[in-house]
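Hi everyone, thanks for making time for this. Please have a look at the sequence and the model on the screen, and then I'll walk you through a few spots.

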Amino acid sequence: MATQAFEDIVDDFEFMDDWEDRYRYVIELGKAMPPLEDAFKVDANKVHGCASQVWMQQYIDDGVYRFDGDSDAMIVRGLVAVLQKLYNGLPIADARNVNAQAELGRLALQDHLSSQRSNGLRSMIERIQNSLKA
């Protein structure tokens with residue numbers, strides 16, 4: 001199960017033949033994402049296993065999962081935005097049932113990311129999934 005915002009990304013990707021266009025699109029998603037407040041850029045919110053600096057501030061609001069995030073690398077910031085589109089706004093039970101690897105597989109992103117970026121993306125997903133188990 002994915003949010004409509006994520007489905008919109010899938011639809012947009014289908015119209016782009018060139019991976020350079022898709023990279024630019026992901027970077028634009030990151031640029032459009034509000035920056036994470038500096039107060040939340042602390043070690044407790046840092047995602048380890050990423051080559052870049054990545055922070056995720058996760059919270060549950062009235063049974064709905066959300067997170068804010070940021071990165072010092074533009075493409076990674078875009079990947080954070082993609083994950084936000086996948087998860088933000090889902091009820092906790094639905095968020096727990098998201099198969100992020102399968103959903104992201106629809107974008108074929110990991111086929112075009114460096115191994116370091118793929119590892120970082122996996123680390124972000126693991127952080128989300130671990131927080132949903134709590």
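**Rings, loops and a helix**

Let's begin with the aromatics: searching the whole structure turns up 5 aromatic pairs. In one of them, the ring centres of Phe13 and Trp19 are 5.9 Å apart with the planes at 80 degrees, so we call this pair edge-to-face. For the bookkeeping, rings of Phe, Tyr and Trp (its six-membered ring) pair when their centres lie within 6.5 Å; planes under 30 degrees apart are stacked, over 60 edge-to-face, and the rest tilted.

Before I go further, a word on where this comes from: it is a predicted model, in which local features need pLDDT of at least 70 and side-chain atom pairs count only at pLDDT 80 or more, while totals for chains, interfaces and linings use all residues. Residues are numbered from 1 along each chain as its sequence is written, and side-chain values use heavy atoms, with hydrogens and water left out.

Back to the rings. Ring pairs join Phe13, Trp19, Tyr23 and Tyr25 into a cluster. Are Phe13 and Trp19 buried or exposed? Phe13 counts as buried because its relative accessibility is 3%, and Trp19 is buried too, at 16%. The cut-offs are under 20% relative accessible area for buried, over 50% for exposed, and partly exposed in between, with a 1.4 Å probe and protein chains only.

Now to strand β1, residues 54-61, which includes Asp61. Helices (H or I, at least four residues) and strands (E, at least two) are DSSP runs, numbered from the N terminus. Asp61 is partly exposed, at 48%. Its C-alpha atom is 9.6 Å from that of Ile92, 31 residues away along the chain. Asp62 sits in the loop between β1 and β2 (64-71), is exposed at 78%, and has a positive phi of about 55 degrees without being a glycine.

Ala108 also has a positive phi, near 60 degrees, and is not a glycine either. You'll find Ala108 in the loop between α5 (100-105) and α6 (115-133), partly exposed at 22%.

Ser118 is buried, at 8% relative accessibility.
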